[in-house]
Amino acid sequence: MLKIAQNDEFFMAQALKEAKKAYQKDEVPIGAVVVKDSTIIARGYNQKVNKNNTILHAEIVALTKAMKKTKDWRLTGCTLYVTLEPCPMCAGACINSRVDRIVFGAYDKKAGCCGSLYNLPTDKRFNHRAIVQGGILENDCAKILSDYFAKRRR
């Protein structure tokens with residue numbers, strides 16, 4: 001089991017701030033930040049509903065911004081913090097962008113591909129692997145999602 005770094009909780013709290021932005025815009029509240037050298041270089045939140053674009057998950061938004069900031073598609077030395085376990089598309093984007101670590105909050109038993117259904121980023125058959133750590137501020141990350149869906153059902 002990986003030791004939880006003290007700053008993992010700090011950066012996950014920053015990803016939660018992004019999730020709250022999505023919540024306010026009536027998007028599924030998932031947020032992400034990309035960190036390099038202990039500095040946030042990019043932020044993102046779900047935008048697929050409002051922008052009518054199925055690939056605009058929080059991870060994709062944050063990774064795209066990080067690539068623009070670094071002027072490189074390779075995000076080596078970076079950690080992605082995201083409030084919900086990445087889906088297959090987002091886990092694949094992490095592999096392809098060469099992030100070093102993926103840290104997530106809540107597990108996603110229906111679509112999670114960083115341990116729940118699959119663990120794509122650690123699969124030795126890929127040419128790049130990332131360290132995966134789940135469950136950081138898990139209760140807070142799960143609560144914003146359950147609150148959102150309870151509100152939607154009302």
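**Ground rules.** I number residues from 1 along each chain as its sequence is written, and I use heavy atoms for side-chain values, leaving out hydrogens and water. Because the model is predicted, local features need pLDDT of at least 70 and side-chain atom pairs count only at pLDDT 80 or more, while totals for chains, interfaces and linings use all residues.

**Salt bridges.** I took a salt bridge as a side-chain nitrogen of Lys or Arg within 4 Å of a carboxyl oxygen of Asp or Glu. By this rule I count 7 salt bridges.

I looked up Arg-101 first. Its side chain meets that of Asp-8 in a salt bridge, at 3.0 Å from N to O. Arg-101 lies in strand β4 and Asp-8 in helix α1 (residues 6-24), so the pair ties together parts 93 residues apart in sequence. Helices (H or I, at least four residues) and strands (E, at least two) are DSSP runs, numbered from the N terminus. Asp-8 is buried, at 0% relative accessibility. For this I call a residue buried under 20% relative accessible area, exposed over 50% and partly exposed in between (1.4 Å probe, protein chains only).

Next I checked Arg-43 and Glu-18, which form a salt bridge with their closest N and O atoms 3.4 Å apart. Arg-43 is in strand β2 and Glu-18 in helix α1, so this pair ties together parts 25 residues apart in sequence. Glu-18 is buried at 2%, and Arg-43 is partly exposed at 29%.

I also noted Arg-74 with Asp-72, where the closest N and O atoms are 3.4 Å apart. Arg-74 is partly exposed at 42%, as is Asp-72 at 29%. Shared partners join Glu-18, Lys-21 and Arg-43 into one network of salt bridges.

**Positive patch.** On the surface I found Lys-25, Lys-51, Lys-65 and Lys-68 gathered in a patch of positive charge. Patch residues have over 30% relative accessible area and no salt bridge, and like charges are joined within 9 Å; the place of a Lys charge is taken as NZ. Lys-51 is in the loop between β2 (39-45) and α2 (58-70) and is exposed at 53% relative accessibility.

**Leu-120.** I placed Leu-120 in the loop between β4 (101-106) and β5 (131-133). Leaving aside neighbours within four places in sequence, I list its contacts (heavy atoms within 4.5 Å) as Pro-88, Ala-91, Ile-95, Cys-113 and Phe-126. Leu-120 and Pro-88 are 32 residues apart along the chain, and their C-alpha atoms are separated by 7.7 Å.

Notes
Patch = residues over 30% accessible without salt bridge, like charges linked within 9 Å, V, L, I, M, F, W, Y side chains within 5 Å. Areas by Shrake-Rupley, 256 points an atom, 1.4 Å probe, with all protein chains shown as cover. Lys, Arg positive; Asp, Glu negative; His and termini not counted.
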